[in-house]
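Have a look at the model below, with an eye for its pockets and its aromatic rings. A short tour follows.

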Amino acid sequence: MTQTKGKVNLTTNQRFAIARGREQGRTLRQLAEQFKVDRSTFGKFLKRWRAQNGQPGKRRHSRAPVTNHQTDRNIVRASRSNPRLSAPEVLDQVSPRGSPVASVRTIRRRLNYAGMFGRRPVKKPNISDRNRAARVAWARAHLN
């Protein structure tokens, strides 16, 4: 018998086929070999199947997102307009007065999803007039 590693998610068609096969008198070992899944998976599945009266389990829904598409765009826009802003500062800019839209962690996640990670832009020194003139002179001398 072949065993799979990790968690196995059976499709709806496979679940109905397993239930039909069991009703037809097939053993758990035969079903396990047919679907290439461990026998304990079938035991647990059939127990749930009987408890639900032969109905497939309801899909679990995740929690609704705190921000919508427009808010996500505003978060990214605020960060791109001023890359030196931290996540709490972006939150202050995006959220209306007195009521924050989301947590600081949510702001960070939205920025990470947009490809903006926790890096600060480097402060570059301005080029002095003397250095600028020297660079132009060097470039003209080495033009050809």
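The lining of the second largest pocket divides into seven nonpolar, four polar and five charged residues; here Ala, Val, Leu, Ile, Met, Phe, Trp, Tyr, Cys and Pro count as nonpolar, Asp, Glu, Lys and Arg as charged, and the others, Gly among them, as polar. This is a predicted model, in which local features need pLDDT of at least 70 and side-chain atom pairs pLDDT 80 or more, while totals for chains, interfaces and linings use all residues. Residues are numbered from 1 along each chain as its sequence is written, and side-chain values use heavy atoms, without hydrogens and water.

A pocket is an open set of points on a 1 Å grid over the protein atoms alone, where a 1.4 Å probe fits, with protein on both sides within 12 Å along at least five of seven lines; lining residues have an atom within 4 Å of a point. The second largest pocket holds about 360 Å³ of space, the volume being that filled by probe spheres set on the points, which are joined across faces, edges and corners. Among its 16 lining residues, Leu-85, Leu-111, Phe-117, Gly-118 and Arg-119 are the closest to the centre.

Now to the aromatic rings. Rings of Phe, Tyr and Trp (its six-membered ring) pair if their centres lie within 6.5 Å; planes under 30 degrees apart count as stacked, over 60 as edge-to-face and the rest as tilted. The count comes to two pairs:

| Pair | Centre distance | Plane angle | Type |
|---|---|---|---|
| Phe-16 and Trp-49 | 5.4 Å | 90 degrees | edge-to-face |
| Phe-45 and Trp-49 | 5.4 Å | 45 degrees | tilted |

Phe-16, Phe-45 and Trp-49 form one aromatic cluster.
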